[in-house]
Amino acid sequence: QHMHTIFEQITQELLSPRFGSSALLAGLFFKMFYLLDQPELYQTTQVKIGTDAENRLFQAITRQMQQTDGRSTRRDFEASLHYSGDYLGKIVKKYTGLSIFEYGMTFCMKKAASLLLDSTMTISEVALSLGFSNRTHFYKLFQNTYGMTPTEYRKANRSER
């Protein structure tokens, strides 16, 4: 969660440099190295590289996740890719260590973060636009991903721009 935020900040600084960006980037890299030295803050998952066919299938899953902001189901993948959901789930797990749902939520939460920063939509509108009917569930997933509520994320990151 913390690393994702740091990478987002690094990307923003690289895309829109301003006075002091070099110092800020140096600080972000030091913070990143500090966090990497704290093994209790993360977990590692061994990734096993598969065959070219598996890799192409995983890339197709990733493209569909990007196009749907992570809101594709196992059944959607079965219909579009013509493979069993169990097999597709195993491929996603093999490449990411995540279930299809968890992998999709990474795309969904990235889109939510983007909408929070780049639009005037309310948090409820952001949640609804991403297919959440339960605002509490959206808040919980967002907080699990970014370590702060959508409101806190918007305030913290808009002030940095």
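Predicted model: local features only at pLDDT ≥ 70, side-chain atom pairs only at ≥ 80, totals over all residues.
**View 1. Helix α6 meets helix α8.**
Start with two helices that pack together: α6, covering residues 100-118, and α8, covering residues 135-146. Their axes sit 10 Å apart, and the angle between them is about 95°. Angles from 65 to 115 degrees count as roughly perpendicular, so that's the label for α6 and α8. Who does the touching? On the α6 side, look for Met105, Met109, Lys110, Ala112, Ala113 and Leu116. On the α8 side, pick out Phe138, Leu141, Phe142, Thr145 and Tyr146. Sort the residues of this contact by type and you get nine nonpolar, one polar and one charged.

**View 2. His137, a residue of helix α8.**
Stay with helix α8 and find His137, which lies in it. Is His137 buried, exposed or something in between? Its relative accessibility is 36%, so His137 goes down as partly exposed. The cut-offs here are under 20% for buried and over 50% for exposed. Now look for Ala127, which is 10 residues away from His137 along the chain. The C-alpha atoms of His137 and Ala127 are 9.4 Å apart.

Around it you'll find Thr5, Glu8, Gln9, Gln12, Tyr153 and Asn157. Two elements each give two or more residues to this lining, namely α1 (2-15) and α9 (150-158). Which of the elements gives the most to the lining? That's α1, with four residues. By type, the lining splits into one nonpolar, four polar and one charged.

**View 3. Asn157, a cavity-lining residue in helix α9.**
Asn157 is one of the residues that line the largest cavity, and it belongs to helix α9. With a relative accessible area of 5%, Asn157 is buried, since the cut-off for that word is under 20%. Which residues does Asn157 touch, once you skip its neighbours within four places in sequence? The contacts are Gln9 and Leu117. Leu117 is 40 residues away from Asn157 along the chain, yet their C-alpha atoms are separated by 7.2 Å.

Conventions: Residues numbered from 1 in each chain as written. Heavy atoms only, no water. Axes fitted to C-alpha atoms, helices over the stretch in contact; angles between N-to-C directions. Parallel < 35°, antiparallel > 145°, perpendicular 65-115°, else oblique. Contact = heavy atoms within 4.5 Å. Nonpolar A, V, L, I, M, F, W, Y, C, P; charged D, E, K, R; others polar. Buried < 20%, exposed > 50% of the residue type's maximum accessible area, 1.4 Å probe, protein only. 1 Å grid on protein atoms, 1.4 Å probe; cavity = no way out; pocket = protein on both sides within 12 Å on 5 of 7 lines; lining within 4 Å.
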